[in-house]
Amino acid sequence: MAGLVAGLAGLVTSYCVAMVMTTRDSPVTAVASLVTRLTPGPVVERAIKLLGHHDKQFLLLVILVLSGVVFAWAGRLARRSWWAPAIVFGVLGIVGAVAVGRQHGSGTIDVLPIGVGVATWLVCLSLLTEPLRRQELALAHAGEAPAADAPAAGPSPQPRPADHTRRTFLLRAGAMVAGATVLGTVGRVVGRSRRHVEEARRLLRLPGVTAPEGVAGSRIGLAGLTPWATPASRFYRIDTAFVVPTIEPTDWQLRIHGMVDREVVLNYQQLIDRQITEAWVTINCVSNPVGGDLIGNAWWSGVRIADLLALAGVQPGADAVLQTSEDGWTCGTPLTALTDERDAMLAVAMNGRPLPIEHGFPVRTIVPGLYGYVSACKWVVEMEVTRFADIEAYWTGKGWSERGPVKMSSRIDVPGKGGGEVLASGGRVGGMAWSQHTGIKAVEISIDDGPWEAAAIGQVPSVDTWVQWAATIDVEPGEHTLAVRAIDTAGVVQTGQEQDTLPDGATGWDTTSFTATEATDD
Ligand SMILES: Nc1nc2c(c(=O)[nH]1)N[C@H]1C(S)=C(S)[C@@H](COP(=O)(O)O)O[C@H]1N2
Ligand SMILES: [Mo]
């Protein structure tokens, strides 16, 4: 019984964590799909013939029953030692981790629910077996000294130790079952609304939204370089949401208010019925350290914010727009960046598809040239035209700068970081450089702190995206260092002055060390 209750509690917590993390499947479901994949086709076919559409539920049931048997067995093992059930749970955890790891698009973080589940198993099992063990010890002692167990002489007999043990056990088991019920319900609710919104997203058709096309000359053709266009699945993700907001497009509304002549309230249909603007825009995070990868470039489709603000009629004296997300996160954006020619937009699509839920579905803001924390509000539902002097936004309340224009930066991708990478002399190095809304004119490299030499850069459609760069190096065999810096279209050279990401973005040159070998002939 202890094994069963602990096992159930562990399964439910891992399920709940998986749903809250919006990992598509619970570990049990992952095991089921792994079993399906490993089962020979003819067997699967026979099972489907036999069970019809219930084949999946049947498999899940079999897995749950088998798990129940193993849990009970682990409980029995706990009688003799603490490590035997720990090993059983550990092995079950490994099976789950393998199954989760084999899922499409899974990362190391997806193993977290399993870790939480295994920890729950161990804690619950030890909590449940502890009173039982204590009683066995007491009984053993009692056996040695039968006098202690002599009938009580008083009028009201003391409760026997067995009753006490049973009470403690049942109380703890009851609390665990209650806790598991609550967590299971939370997981179900979160999981279900997520599935609904995913379905709505899948069925959305967005007229005016086109698929991204390759940009001639943007790819410089060096193995190991970051792709110029970032697929949604590889796009960095930064937000404060523990549970990602799931908003049905039909429930979405944007309210533009504050220092305006008339309030504007817009629903999703009214938004996408407007003229759609599309552009390649690179966005990055102010927390990106020099050489870091909190940056991505996507083809965004949406509606110009300037037009919407014009509808509302911005009043004189306003210099900021306080954007609010459905989950309450806020950012303050300079009014000028939203109304000038840079086409700041309320984006509804990323790379030609409706926004992924993690990236702000159904609507998020994209402003070329500003860090995400002051502009790129995901799940945006409110825009208040206001004054910087009158507001405090989420990150500016925590010491980050009020304004967040992107700082020019450049990064080495090849040779890889960590030192010790071997590169043939006459080989190529390369990476990325960016200065959104100003644009990159040139990239230079320096070997062993020598003179700066020009690298080649890729072509880009506008000043709002990053560029790829590459250069051929010609050095003696041995240890070397490489540094990179960029020059923007205004002729400003990227500063080597090192600054931390707080309060308004890191500066400094990215460097790496590598080992050169003799030039190769190819
Ligand atoms: N609602 C909401 N929007 C947000 C954030 C957030 O925490 N909540 N983080 C911002 C920050 S700091 C960045 S860098 C970008 C990241 O966008 P991405 O996750 O789509 O890459 O989103 C911005 N928009
Ligand atoms: Mo950020």
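What percentage of the 522 residues in the chain do buried residues make up? Buried residues make up 47%. Here buried means under 20% relative accessible area, exposed means over 50%, and partly exposed lies in between (1.4 Å probe, protein chains only).

**Before you click**

This is a predicted model: local features need pLDDT of at least 70, side-chain atom pairs count only at pLDDT 80 or more, and totals for chains, interfaces and linings use all residues. Residues are numbered from 1 along each chain as its sequence is written, chains are lettered from A and ligands numbered from 1 in the order in which they are written, and side-chain values use heavy atoms, with hydrogens and water left out.

**Stop 1: the whole chain**

Show the cartoon. The chain has 10 helices and 18 strands. These are DSSP runs, numbered from the N terminus: helices are H or I with at least four residues, strands are E with at least two. Now switch to the C-alpha trace. Along its principal axes it spans about 100 × 70 × 55 Å. The radius of gyration is 30 Å, while a compact globule of 522 residues would have one near 24 Å. That radius is taken over C-alpha atoms, and the globule rule is 2.2 Å times the number of residues to the power 0.38.

Next, think about contacts, meaning heavy atoms within 4.5 Å. Take those in the chain with a separation of 6 or more: 76% of them come from residues 24 or more positions apart.

**Stop 2: Q436**

Select Q436. You are in the loop between β13 (428-434) and β14 (440-447). Is Q436 buried or exposed? Q436 counts as buried because its relative accessibility is 4%. The side chains of Q436 and N284 are joined by a polar contact of 3.0 Å. A polar contact is a pair of N or O atoms within 3.5 Å; within protein, one must be able to donate a hydrogen and the other to accept it, and residues adjacent in sequence count only if both atoms are side-chain atoms. Leaving aside neighbours within four places in sequence, Q436 also touches other residues, including T282, G369 and V463.

**Stop 3**

Move on to the loop between β14 and β15 (453-457), where D448 is found. Phi of D448 is near 50°, a positive value in a residue other than glycine. D448 counts as partly exposed because its relative accessibility is 38%.

Select D449, in the loop between β14 and β15 too. D449 is not a glycine, yet its phi is positive, about 60°. At 73% relative accessibility, D449 counts as exposed.

W452 is also found in the loop between β14 and β15. At 25% relative accessibility, W452 is partly exposed. Which residues does W452 contact, leaving aside its neighbours within four places in sequence? They are E444, I445, S446, A483, V484, R485 and W509. Now draw a C-alpha to C-alpha distance from W452 to A490. It is 19 Å in space, and the two are 38 residues apart in sequence.

**Stop 4: two cis bonds**

Select F361 and P362. The peptide bond from F361 to P362 is cis, with omega near 5°. P362 lies in the loop between β8 (353-354) and β9 (364-366).

Finish at L502 and P503. A cis peptide bond joins L502 and P503, with omega about 5°. P503 sits in the loop between β17 (478-488) and β18 (510-517).
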